[in-house]
Amino acid sequence: MDHTTPQTPVTPSSALLSSLHLDPFLHLSLLHLKKNLIHSPKSTPHTVESIKSAMLELGLTPKIRNLAYSLSCSEKDRKSTPEILQVEQARDDWKQSIYDELLSVCSERGVSIIGPDSAQNKKIRYIFDSEDLFDAIKRIPCSSNMNASLCHNYGLIKLRLSTPDHSALRTKFSELHPCNRQYGMDETFLGSSKFIQHRQEVGVKVLQESYVPISRQYARYGIPAGLRPEIYRVCLNLPRRIGAKEGEYYNSLREKAKNMRYNVVDELFEMDSQTIISNSMSFFPFLENITNVVLAFSRDSWVVQNSTYTAHESIKYEMSDGSTTSIPSSGVQPFKGFVNYIAPLSLVYEDEERIYFTFRGMYSRLWCKLNVISSDSGTLIHLCKTFEDLLLSWDPALFMHLLSVNVAPLSIAFTWIHLAFTNVLETEQLLLLWDRLVGYDDLLLLPVLSAAIFTFRSETLMCTSSAQEVKDILDNNSGRRLKVMPILQAALFGECFK
Amino acid sequence: MSKPPSQPVQGKPSSAARVFYFRTTFRNAIYEALKRRGWKETDGDNWDLHWTEREWMSEVFDSIHLSPTQRVNHFRNQRELCRKDLMVKNLKRHKRQLQKEQNPEADAYSFWPLTYVLPGDYALFVEEFKKYPTSFWIMKPVGRAQGKGIFLFKQLKEIAKWKSDSRYNAENKDAETYVVQRYISNPYLVAGRKFDIRLYALVTSYNPLTVWLHRSGFCRFSSTRYSNSATTMQDTTMHLTNVAIQKKSDTYDSETGGKWSLRDLKLYLMSRYGVAVVDRLFNEMEMTIMRCLFSVQNIMMNDKHCFELYGFDVLFDDSFKVYVIEVNASPSMSANTKEDMDLKVGLLSNAFDIVDIEGKMQGNETRVGGFDLIHKGIPIKPNSATSLYTTNLGCDIPDDIVRSSENTVGSTTNGGTPKEGEEKSKSSRSGSKAGIAGRPAFGAGGRSDSRAGRKTLT
């Protein structure tokens with residue numbers, strides 16, 4: 001959904017109707033339903049009840065309910081205000097620079113983007129990484145029609161974006177309040193077995209309902225490991241169990257990847273996987289699976305059609321038969337660290353297909369927002385600004401101290417936010433954080449947790465006298481011992497538990 | 001209260017200010033852990049702790065007199081448990097004893113693969129071999145470690161060469177002893193790869209049998225995908241998971257060492273099978289360790305100066321049946337990654353806390369750092385009213401909070417009220433000061449003067 005094209009007004013019912021036709025499963029099921037009802041042996045008149053029960057039998061009810069829900073959500077998502085000029089410019093520049101880099105790597109190699117790779121020289125380098133994205137964002141100036149002195153000049157984000165304040169966060173994340181028992185906290189205490197059992201029972205009921213908003217509400221309190229695979233799927237509006245159709249679809253993507261190789265793009269994805277996954281303590285057994293998933297992802301045009309934002313530009317390539325193909329079909333170019341979004345799911349799901357669809361769902365709803373240059377609330381720039389504003393309001397002395405030793409706090413927190421803490425937290429803690437991201441369908445907890453970690457380490461940080469010391473304290477290895485929920489609760493609701 | 005270096009330790013140390021001495025030839029995590037306690041090294045006989053090799057035990061131990069507080073890290077006849085042939089002999093003997101007593105526990109003693117000791121049992125082995133024509137068998141020399149000399153075979157003619165070698169002649173008194181075991185061909189696989197699990201158990205006495213089990217451990221993966229086909233039987237990198245063998249593989253990655261922590265395994269299994277199955281599996285691993293110890297309990301030469309930190313190698317198959325592969329009396333304390341080193345130093349520090357030469361333990365502790373007391377004359381289980389699990393194996397090791405620099409009991413991680421959340425984060429704010437500046441706290445009593453992490457019997 002490209003936000004720059006004007007939307008024609010759509011009514012919910014017409015949207016529902018058109019979606020019903022577009023979704024092959026629904027379409028077939030409705031035909032089946034019609035057949036059943038018309039040709040049913042009983043010639044009793046059809047009541048609402050009989051239709052309802054026929055629908056239930058066919059498994060239509062949850063599907064339609066969820067479809068209606070997601071349509072109503074996307075109504076809200078639809079943005080009506082135009083993009084800020086500077087941001088639009090930056091976004092276009094960014095997409096262009098990725099495009100140019102990719103082509104230049106191809107020409108360095110002496111290969112075209114598709115086609116036989118007879119290059120002798122196998123050298124390859126990343127097209128871009130988190131740092132490059134960070135630089136692109138930092139460069140965006142304050143809007144020119146604003147008085148320069150009014151622009152916030154402590155943080156790196158110059159744009160004047162309005163960010164949620166502390167009380168807004170407390171309201172939004174009220175489920176995380178310590179008075180509510182939750183995973184990541186309460187299951188570790190003595191006497192927690194009742195809580196764990198209760199949570200398990202509720203989770204099973206939630207899965208039987210298979211209704212998106214209920215599953216999301218459940219996820220906000222953290223999910224027991226055994227239920228996580230299915231709850232994530234439902235929260236992402238997928239059927240709780242994978243079906244044969246999905247399996248076939250995934251295999252077709254794998255076939256596409258095998259039959260037609262993208263010269264530089266595939267290699268970059270593979271290099272990313274090789275470097276990051278083989279060196280990972282937790283994910284190294286899944287190197288092959290993760291590589292397969294990322295290559296299949298790059299062939300999936302569903303991604304570009306269904307992601308809330310398109311982050312990058314595909315290269316339009318004219319084939320020998322005159323047709324054009326996008327490279328990659330997903331519209332997501334490879335960058336250093338991309339596989340981090342996939343890796344944690346290898347400890348959640350049994351096989352590649354399952355990893356694939358959940359990853360794809362998470363990318364299209366969540367991770368795409370972390371990779372797009374936009375001033376929309378909930379996307380990367382806004383999240384970065386939220387982090388800076390929060391830290392400044394929670395601990396101004398710390399913020400100033402860090403500036404005095406030449407460390408902009410965002411320069412450290414940026415990768416935490418961009419990569420959703422995958423390179424920082426221990427896997428179990430990371431998944432507890434992701435439970436909440438999926439449950440709130442929102443990335444706001446990323447800057448909140450980042451600011452919370454800074455304030456958690458405040459006393460030690462205040463004693464630093466150099467940038468290197470700050471980096472040592474906040475380096476990714478020290479994050480391995482962090483427990484997400486206590487830190488979030490202390491930051492959001494600390495001091496007086498208001 | 002310092003003592004002249006040449007005299008042995010006398011009496012119980014009365015204050016924490018006394019200097020403690022250790023003696024060891026090892027220069028890895030053992031050395032590191034002892035240095036971090038502030039202990040000093042000595043070459044003489046004035047040591048409080050001697051971390052020895054097994055050879056020293058068999059050659060020197062019997063001939064010296066030890067003071068009441070001196071400790072060594074082996075039992076005199078540890079080979080009854082740790083030599084492959086003797087372990088099997090003891091397990092079989094104990095099983096027969098239980099069967100004679102008609103004790104139903106006897107049925108549980110089926111956690112080792114069919115094993116014969118060669119060359120002595122060769123005839124028996126051949127009889128059994130013929131009953132399983134499709135099985136693979138694995139040949140292991142009893143005296144060697146690190147996977148040396150181990151090979152797999154399916155047909156008797158493959159070991160004909162071995163058999164005809166004069167060194168292995170049954171009449172030859174110096175013949176090297178081998179065990180031959182029916183190979184477990186359906187190990188549980190993760191991402192198509194075989195792995196075994198190293199667990200650590202600390203025995204501080206065989207009478208009463210006192211066993212501490214460490215919650216953590218690690219899984220050692222093979223670097224190639226597992227296959228049952230005959231053509232790959234000689235591929236030691238597929239079948240033998242010892243790190244020494246894996247290091248030779250092309251795909252070995254020196255950064256990860258092909259190891260998973262037990263917690264990663266637990267998370268992986270829980271996502272797939274749920275809590276109950278995983279708890280049963282881990283409990284079975286704990287019970288299996290105990291059964292090994294029960295079988296040698298009465299023949300081990302107990303000595304109050306002795307303790308032993310065992311490395312148990314276990315495996316489970318695709319139906320979650322647990323097997324013990326072997327027991328190591330000197331599990332490797334070298335580390336090939338930082339995480340590995342941290343785990344081992346932490347483990348050793350906890351072990352030294354438990355052995356308690358410094359005299360700081362109250363005596364009623366049931367958890368010290370990552371070690372849980374699982375047996376002291378009688379089994380000790382987690383409280384079923386409060387814990388969901390029947391074993392603490394694989395559970396999180398709580399971060400131990402140091403309240404002050406004095407020796408006080410420090411654990412505050414257990415408590416049921418919601419407000420604990422605030423206290424926990426507040427006190428962890430101040431408590432983690434000592435371990436900050438990027439260095440991960442060992443979390444389990446890595447500091448020499450802390451008595452943190454004592455959960456007491458109630």
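Buried here means under 20% relative accessible area. Keep that cut-off in hand for this tour of a predicted model.

**Start in chain A, at A:F421.** Select the loop between helix 18 (409-418) and helix 19 (427-440) of chain A, where A:F421 sits. Its phi is near 65°, a positive value in a residue other than glycine. Most residues other than glycine have a negative phi. A:F421 has 0% relative accessibility, so this residue counts as buried.

**Next, A:D441.** Move to the loop between helix 19 and helix 20 (445-456) of chain A. A:D441 is not a glycine, yet its phi is positive, about 50°. Buried or exposed, by relative accessible area? A:D441 is buried, at 19%.

**Then the cis peptide bonds.** Most peptide bonds are trans. Select A:I327 and A:P328: the bond from A:I327 to A:P328 is cis, with omega near -10°. A:P328 belongs to the loop between strand 2 (324-327) and helix 15 (352-365) of chain A. Now switch to chain B. The bond from B:N207 to B:P208 is also cis, with omega near 0°. Look for B:P208 in the loop between strand 10 (193-206) and strand 11 (209-225) of chain B.

**Finish by colouring chain B by pLDDT.** The chain averages 77, and 73% of its residues score at least 70. Confidence in chain B is highest in strand 13 (residues 308-316), at 95, and lowest in helix 11 (residues 420-431), at a mean of 33. Over residues 1-9 of chain B, pLDDT is below 50; this stretch has 16 contacts beyond near neighbours in sequence. Select residues 401-458 of chain B too: pLDDT stays under 50 there, and the model has 123 contacts beyond four places in sequence for them. For the complex, the predictor gives an ipTM of 0.80 and a pTM of 0.81.

Notes: Residues are numbered from 1 along each chain as its sequence is written. Chains are lettered from A and ligands numbered from 1 in the order in which they are written. This is a predicted model: local features need pLDDT of at least 70, side-chain atom pairs count only at pLDDT 80 or more; totals for chains, interfaces and linings use all residues. Side-chain values use heavy atoms; hydrogens and water are left out. pLDDT is the predictor's confidence in each residue, from 0 to 100. Helices (H or I, at least four residues) and strands (E, at least two) are DSSP runs, numbered from the N terminus. Contact means heavy atoms within 4.5 Å. Buried means under 20% relative accessible area, exposed over 50%, partly exposed in between (1.4 Å probe, protein chains only).
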